[in-house]
Amino acid sequence: MKSLRSIGRHLITIVITALLGGLLGATLVRMAPGFGVQESDLNSQLSAAARQALHQQDASERNVLSYYFHYLGGLAHGELGYSRSMDRPVSALLRDRLPETLESLAIGVAGGWLLGIALALPATWKRSPLYSTTASLITGVFLCIPSAVLALLFLVIGSPGKIAIALIVFPKVFRFSRNLLIKTYAMPHVLTAKARGLGRIRILGWHVLPNIAGPMLALAGVTVSIAFGAAIPVEVVCDYPGLGQLAWKAALARDVPLLVNLTLIIALVTVAANSFSDLLTPTATRDVL
Amino acid sequence: MTRARWIAVALLAGVFLIALGANFFAPAPYAKQFRADPDHPPSKQYMLGTDELGRDRLSRLLYGMRISLLLAPAAALLSTILAAIIGGAGAYIGGACDRLTKIVIDLFLSLPWLFLLLTVRALLPLDIPAATSVVVTFALLGALGWAASARVVAAAVRSLRDSEFVLQARASGCPPVRLLFYHVLPNVKPILLAQFWISVPLFILTEANLGMLGLGVTEPMPSWGNLLRELENYSALAHAPWLWAPLISLVMVVSLFQFILAGEEYSA
């Protein structure tokens, strides 16, 4: 019952955030200077009637609320509008580009976690100042490089730019998990397990992981958002046809339907990821004491 | 503070001083073109060479550093003030106001930071004077970068609001305004200061990202972001190592910030 209520609360949060996110996007674009100005006004080859028809097409987008409600109505029927800058339906654009971004996100998040944990575990087990300082310096360097430059460096060395997303995610995973692991390994029940001669893997699997699963899941939600943010410069610099590049092009072209849909989708994915990790947290965290 | 952190502070102060004194240290104005020497390699006259328009790279780097190092703290100040007002006021008032603040903060945090910036920056005119673009870029960073800090401030104010000494002051008849300024705000000050310092390197890096995407400070005004765009000519990087200078200086300054902020970690 309690978990059902929790799921319901998270679902409501997702819906409210998505609706507010979409409205915010639509409002911001509507407020932009130059909104509604058309190149067709300068085209002497168009007749007055043709120009008026084009302006009427625009009129529905002038009032942000009417545009947004009209858009929500269309959304209920599976219509996401039409992108004028790309000259294609938004749903087709999203369908084409989503797999590319999902692949980038999967590589970025999975790679970042693997690398972060792989560096954090020895830092906890060995507790060598040299290893700890070296690992901190490596992560520190990656935290200091702008993601667009990191993607560019991958282009220079001829490697796939998607790995750059993993390198943007991994310092956060490393720092967080190392601090958490150090704290957990110092807990009395882990010390007792060590004193009893339990193996490293058994201690990790039975006494450490259940304790850190909750915060790690919360971090997983955050890393999806970080990876999404990193996907924009990476896709732009490396010319990957994903949602990040589409967002950049839509923003430059002030393409209302496209921007609102992207805002909505990105808000939905990140809120859903955070809610999912929040829901899993109590299940994953086991009281070991 | 450890000795290493003091050294880092001194180094950062040195970089700040050099950047502030760009007028004095730079060999030439940032926009001056030496038309006889475009793409000149480093020499006695041009220590980092010249760009394709014949402008001295060292001068542009120093002026660019000045812009980023002066305006990133200004943007951080703006975002910290907004975080204090939005997060602090919401949590202090409590009830529905606190819940609404939470929703707004969550909404801002649910959108990736760069995506939000990209969208809002593109809504503003792109063809604007260089000086205006500097103000617009950093004002946007400050105006949109408050959410993470606001969450921390709100949590601190919430716990202070329910603390015993505030309860006692309230029970003694202390008016709400006095309670806020005499009991709550002084205790939140260290948190605000920490959020300010955390935001500075973040804003420097974000400006660099925006600049590389062509949405930051516009030419001819230099900034770390638009100076890094020279790296896009990556076929030239192998035989022109001086092109890496903006990146090296950026990494150095942000690392110094990180080192100072997390000094204990490195010294452990």
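**Close-up views of a predicted two-chain model**

Figure 1. Within chain B, helix α12 (residues 263-267) has the lowest confidence, with a mean of 48, whereas helix α3 (residues 57-93) has the highest, at 90. Taken over the chain, pLDDT in chain B averages 85, and 95% of the residues score at least 70. The scores of the model are an ipTM of 0.81 and a pTM of 0.82.

Figure 2. Chain B contains 12 helices and 0 strands. From the N terminus on, its elements follow the order α-α-α-α-α-α-α-α-α-α-α-α. The C-alpha trace of chain B spans about 75 × 45 × 30 Å along its principal axes. Of its 268 residues, 44% count as buried. Among the contacts in chain B with a separation of 6 or more, 68% come from residues 24 or more positions apart.

**Figure 3. Helix α7 of chain B and the helices against which its buried residues pack.** Helix α7 (residues 147-161) of chain B comprises 15 residues. From first C-alpha to last the helix reaches 20 Å, close to the 21 Å expected at 1.5 Å a residue. The buried residues of α7(B) are Ala147(B), Ser149(B), Ala150(B), Arg151(B), Val153(B), Ala154(B) and Val157(B). Their packing partners are α3, α4 (95-110) and α9 (176-212) of chain B; of these, α3 is also the helix with the highest confidence in the chain, at a mean of 90.

**Figure 4. The loop of chain B that holds Asp39(B).** Asp39(B) lies in the loop between α2 (22-25) and α3 of chain B. Its phi is positive, at about 50°, although the residue is not a glycine. Asp39(B) counts as exposed because 12 other C-beta atoms lie within 10 Å, and the limit for exposure is 12 or fewer.

**Figure 5. Elements and burial in chain A.** Chain A has 11 helices and 2 strands. Along the sequence these elements follow the pattern α-α-α-β-β-α-α-α-α-α-α-α-α. Chain A has 289 residues, of which 39% count as buried. Residues 24 or more positions apart provide 75% of the contacts in chain A with a separation of 6 or more.

Figure 6. Ser136(A), Thr139(A), Gly140(A), Leu143(A) and Cys144(A) are buried in α5(A). Viewed down the axis of α5(A), these buried residues fall within an arc of 135°, and therefore they line one face of the helix. Leu130(A) and Leu137(A), on the other side of α5(A), are exposed.

**Figure 7. The loop between the strands β1 and β2 of chain A.** Asp87(A) is placed in the loop between β1 (82-83) and β2 (88-89) of chain A. Phi of Asp87(A) is near 55°, a positive value in a residue other than glycine. Asp87(A) has 8 other C-beta atoms within 10 Å and is therefore exposed.

How values were computed. Residues numbered from 1 in each chain as written. Chains lettered and ligands numbered in written order. Predicted model: local features only at pLDDT ≥ 70, side-chain atom pairs only at ≥ 80, totals over all residues. Buried ≥ 20, exposed ≤ 12 C-beta atoms within 10 Å, placed from the backbone. Helix = DSSP H or I, 4+ residues; strand = E, 2+ residues; numbered from the N terminus. Arc of directions from axis to C-beta. pLDDT = per-residue confidence, 0-100. Expected span 1.5 Å × (residues − 1). Contact = placed C-beta atoms within 7 Å.
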